[in-house]
Amino acid sequence: MTKECVKPEISDYSFLRLFSATIILQEQNPIIDNYQLEKDLFEYYNKEEYHFLFEDLKKKEDILITDGNYVELNEVFQQGYAFGLLLMLRDNHHIKSIINITKEDAKEILSTFDVEQVNAMSSLCNELSNKNNSLKNMKKEYK
């Protein structure tokens, strides 16, 4: 009996590379709150238009606490640090990452992906940015 393995179109590390390059080219904040990103990505994991981006990533669901749901990125972040894509920044209780690539590097990274992948990640990054900006504005209003 032979087993057939299917390699995902986008590996977990490729996801991080595509995400990071997109953030840089969209001129968004290059500082990532690792834990917050894992939580934020959870709501996009099963969306049909983005699901193929998450093929090689695992989601963790907490049945009792919905705030405990996240997409597991710990190993991917470690790869990002090892290959110089990210720099680690410790901030009290959270670990943050700084995207460590230039716009030229980002363009080169995007050139290794197909148009559908680049467009989907661009849309995902825009949605994440809009969501985070809305939350920041709400917090300011309630102060």
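The model is predicted. The core has 39 residues, and helix 1 gives the most to it, with eight residues. Helix 2 is largely enclosed by the rest of the structure, because nine of its twelve residues are buried.

**Nonpolar core**

- Among the 39 residues of the largest nonpolar core, those touching the most other members are Phe 15, Phe 19, Leu 41, Leu 53, Phe 54 and Leu 124.
- At least two residues of this core come from each of helix 1 (12-25), helix 2 (34-45), helix 3 (74-82), helix 4 (103-110) and helix 5 (115-141).
- Helix 1 is the top contributor to this core, supplying eight residues.
- In soluble globular proteins, nonpolar side chains tend to be buried together.

**Contacts of Phe 19**

- Not counting residues up to four places away in sequence, Phe 19 touches Ile 32, Leu 37, Met 121, Cys 125 and Leu 128.

**Helix 2**

- From its first C-alpha to its last, helix 2 reaches 16 Å, close to the 16 Å expected at 1.5 Å a residue.

**Asp 40**

- Asp 40 lies in helix 2.
- Its relative accessibility is 4%, so Asp 40 counts as buried, the cut-off being under 20%.
- With neighbours within four places in sequence left aside, Asp 40 is in contact with Leu 128, Lys 131 and Asn 132.
- Leu 128 is also touched by Phe 19.

Technical notes:
Residues numbered from 1 in each chain as written. Predicted model: local features only at pLDDT ≥ 70, side-chain atom pairs only at ≥ 80, totals over all residues. Heavy atoms only, no water. Core = buried A, V, L, I, M, F, W, Y, C linked by side-chain atoms within 4.5 Å. Buried < 20%, exposed > 50% of the residue type's maximum accessible area, 1.4 Å probe, protein only. Helix = DSSP H or I, 4+ residues; strand = E, 2+ residues; numbered from the N terminus. Contact = heavy atoms within 4.5 Å. Expected span 1.5 Å × (residues − 1).
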